[in-house]
Amino acid sequence: MLAARQRIGIDLVSIPRAARLTKERAFLERAFHPSEVADTRIEHLAGVLAAKEAFFKAVGIGPDWLAVEVIMAASGRPSLRLGGSLGHLAIQDLDLSISHEGDYAVAAVVLLLGEEPEP
Amino acid sequence: MTPSTVLDLLETIRGFGPQPALVHRTDVRRFVWSYDALGQSADRMAVHLLRQGLRPGDRVLIRAPNSPYWVMALLGCLRAGIVAVPIDPRSPLEFLRAVQSQTEARLIVCGRFQPDPGLPVPHCFVDDLDAIVQESVESPLWPAVGEETLAEIVYTSGTTGTPKGVMLTHRNLSANLSALNSVLPREPWLRFLSLLPLSHMLEQQVGLLVPLARGGQVVYLETLKPTAILEALTRESILAVVAVPRLLQVLREQLQRDIGRIPGGTPLFHLLDSLAPHVPFPLRRLLFWPIHHRLGGRWKYLISGGAALEPDLERAWERLGFVVLQGYGLTEASPVVACNLPDAHRIGSVGRPLPEVAVRIAPDGEVLVRGPNVTPGYYCNPEATATAFTDGWLRTGDLGHFDADGHLYIAGRKREVIVTPAGVNVFPEDVEHALNQQPGVRDSCVVWWRGRIFAVLLPHDQRTFDPRQAVEQANCLLGPSQQTQGYTVWPFPDFPRTPLLKVRRAQVLATLPQLEAGEPGVAPSGVREPLTTVRQVLAQVAGLPVEQVRSDAALGLDLGLGSVERLAVASLLEQELNAEVDEDALTGGTRVREIERMVKEEPSPTRLLRIRRWTRGRLVALLRQAFWQLGLFPALRLVCRPFHVTGEGNLAGLEGPALFVSNHTSYLDAAAILLALPPRFRERLAPAAWAEYFEVPVSHPLGWLARRAAYEIATTLFNVFLLPHRRGFRASLRYAGELVDDGWNVLIFPEGTRTRTGEMNPFREGIGVFAANLKVPVVPLRVEGLFQILPPGARRLRPGPAAVEIGRPLWLRDSSYLELTRQIEDAVRSL
């Protein structure tokens, strides 16, 4: 039984599909921060898309692609950075994991919501 | 005066000094580089390369979309004696790997938004060259560069087998440049629009070096969608365009689509078009004046190369009053061998050979070329080099002949000739030409398949196309040995094409077995044609043939589009159709016909996002000044007692427009900032207002009226423009770019809304997007005291002290919008 304020989100992205989409400049500009495209391997980009989608599912909001940024540490461990427009969500803690194999990339997000802010 | 190396060219162009050389139109802004700036940047680039440890003779791959930075990278390489290896950014990754294994390049200069093959070679992003060329450096002793120094290795866009790298020396490049320069017409106004990749020699020579040698300008676009091209033509007063025939066809189709949108446009156009052949050529521009005016009014020349230009297409453009100059060449000849000129012109011919270029026809009909522009050979490939030359003449692989006046005609590729069992030579190009003339046929590809001449047809509309009839009609136009004996309809949106949009016949041929077996398969990759309808966009994203996109299909359930794909749909609708559709409105259940309706719909009357450009005009500005000086500022001083401004000195050295950023506490904020800023900024300041505020439905009519009045006052008296958080964000970003290009400053309140508590809210990340795209200094501002004077929700003013603090301008560079936002937020907080 999960604690009341815990959430999970998971998403699976087809890498060949992502490859086709990321050929379009307009799509790249709307979905990614330039920092996220610095590593231009398609598995990475697919993983970033999966991570963002997993986050939105966990929170239960519609996607706002540039409001989150996937940051890869030198160790390879990913993390999520949230932008100001998500400040109202009161997320206390958050963790992200990404994996890819063959034609698929998958990401999972676990988060802990804080108390509801005073209205 | 003949520059003997391209570097001599660089010296001569310095003489053009402050004149504009290169114009860069991004999605948001328009940047201009003068000849001085270009020369300086090239030198700095060269120093940077040498500092990276590169030595003369080393190779550098340049794989990036066209831009002034591409040009600086090339010129920097040439200056440093480094061999440039340009690669079309759209070429497949296997090609890139093959090139790298041959050239062993020590650096790749690449574009930011493109997939990388993961080669163990250091790379440098082409837009980071911005920072590199800003840094002032001392010019070292440049490496000696002579005529025989290798300048570039250009890989031909081969479709099969190992790629071959054409070596081009400085002499090759300069010889072709001076030959072209001596024959191309002289025009006082010389602005070119770049549409072909710079990795191709045709664009480099005719589209870059020729205009630079003459002090002209070249305009580079960040995206090449037809709407952006037409916009550039209109706004930039373009004189000439270098294009491939396919692009000329696409532009013509786009033009006809635009004409079709005007009531009565199409019939009128056809009428004029039928009159045109009877009108003397110089008067045709008058006949089609509205079209020429729309296209900038100066566009006169179309230079066509890279593939055979259909005579009908050539005549179609000539009827409109354009001078079409078809030329012929190959990378191995740097590249131009022959071209038509205004006074030496034959339709269907590729013109006369250039001065100093010798052309001969071999006994089997092959065109042979010799001259100072011809390559010494292929890089590290002596066998290929040996087979390419006969007795010192370059074998072009094309078959052709001369007419009595010395005009050259090209019949077709020697390699692609179909030899029938009867021993007759059939050129697929001839059969394709007949097929392409049939109504309903958009393009065709003829191959030898299963012992027959086989036509693969690409129709305009799959649903209504009758391939049998098209083939039968075409056969009536062809000789007995050219008859198409079998056909099929290409099921994908387009043929696989080379970067220059030539159909990759070999790839089409290789796909035929798959088509025969009825396997749907994945469309072979290549350069995509522009998308013109909602269904094509959906088909492209879903990876389905267009016919499978029915109007009652739901995005999620029927087309299988998840939220990522729905973002792709929204982006493509904007990129290809110029239609801004709310991403949030595209759900899994949205049907195709609803999207078509959304795209067609005029913005609803409550949508106030129509940009009001007239508020920047002179008269309105004067009225505004009067209102401020006589009314607003005195009133403000009454309420803000005392009113302090600190930090004006920070703006002392700031020239040019800036992005002003402030915290948001009250309705009085913008007015106080106007009062606080020095006149030269105040007079050209456009504050941004949160668009969605004006869109929340208000039931009470008085409330609606008050809000509407507020909108009118804000836009006229304060030059406010609307900045939405979601739909229309990019349109506002582009408007902000327009303002900045025009020398106006922009003021944004990144919290998005006034604070309720007096504490600053986190800044929305949109400000990072603005800062990254506008590329101007960011000036942080802090307002104090206004929250107490007029808090949100208050009905009365409570006079009191107020202050505006102006911070130091920041020049920010970061690849993360969130990071930029944080830096800006920190700057405002620290005030």
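Visitor: Before we start, what should I know about the numbering and the model?
Guide: Residues count from 1 along each chain as its sequence is written, while chains are lettered from A and ligands numbered from 1 in the order in which they are written. This is a predicted model, where local features need pLDDT of at least 70, side-chain atom pairs count only at pLDDT 80 or more, and totals for chains, interfaces and linings use all residues.

Visitor: Which helix gives the most to the side of chain B that touches chain A?
Guide: Contact here means that two C-beta atoms, placed from the backbone, lie within 7 Å; on that basis 30 residues of chain B are in contact with 32 residues of chain A. Helices H19 (563–577) and H28 (817–829) of chain B each supply at least two residues of that side; helices (H or I, at least four residues) and strands (E, at least two) are DSSP runs, numbered from the N terminus. With nine residues, the top contributor is H19(B).

Visitor: How many charged residues does that side of chain B have?
Guide: The classes go like this: Ala, Val, Leu, Ile, Met, Phe, Trp, Tyr, Cys and Pro are nonpolar, Asp, Glu, Lys and Arg are charged, and the others, Gly among them, are polar. The side of chain B that touches chain A has 12 nonpolar and 11 polar residues, and the charged ones number seven.

Visitor: How far apart are the C-alpha centres of domain 2 and domain 3 of chain B?
Guide: Chain B is split into domain 1 (6–339), domain 2 (426–516), domain 3 (534–600) and domain 4 (613–829), with bounds from an automatic or database domain assignment. Five residues of domain 2 of chain B are in contact with six of domain 3 of chain B, and the domain 2 side divides into three nonpolar, one polar and one charged. The two centres lie apart by 30 Å.

Visitor: At what angle does helix H17 of chain B run to S24(B)?
Guide: Start with the sheet: three strands of chain B form an open, mixed sheet in the order S24-S25-S26, where strands pair if DSSP finds at least two bridges between them. Its edge strands are S24 (441–449) and S26 (486–489) of chain B, each pairing on one side only. Axes are lines fitted to C-alpha atoms, for helices over the stretch in contact, and angles run from 0 to 180 degrees between N-to-C directions. H17(B) (residues 505–516) lies across S24, S25 and S26 of chain B, and its angle to S24(B) is about 80 degrees.

Visitor: Is Arg415(B) buried or exposed?
Guide: A residue is buried if 20 or more other C-beta atoms lie within 10 Å of its own, exposed if 12 or fewer, and partly exposed in between, with C-beta atoms placed from the backbone. Arg415(B) is found in the loop between strands S21 (408–413) and S22 (418–419) of chain B. It has 10 other C-beta atoms within 10 Å, so Arg415(B) is exposed.

Visitor: How many residues of H3(A) are buried?
Guide: Helix H3 of chain A covers residues 42–59, and its 18 residues should span 26 Å at 1.5 Å a residue, which agrees with end C-alpha atoms 26 Å apart. The expected span is 1.5 Å times one less than the number of residues. H3(A) is mostly covered, and out of its 18 residues the buried ones number 14.

Visitor: Which residue in the turn between S4(A) and S5(A) has a positive phi?
Guide: S4 (residues 91–101) and S5 (residues 104–113) of chain A run antiparallel, joined by 10 bridges. They form a hairpin with two residues between them, and the one with a positive phi of about 60 degrees is Gly102(A).

Visitor: What is the bridge partner of Leu659(B) in S32(B)?
Guide: Leu659(B) and Val661(B) point one way from strand S28 (residues 659–662) of chain B, Phe660(B) and Ser662(B) the other way, and all are buried. S28(B) pairs in the parallel sense with strand S32 (residues 778–784) of chain B over four bridges. In S32(B), the partner of Leu659(B) is Val778(B).
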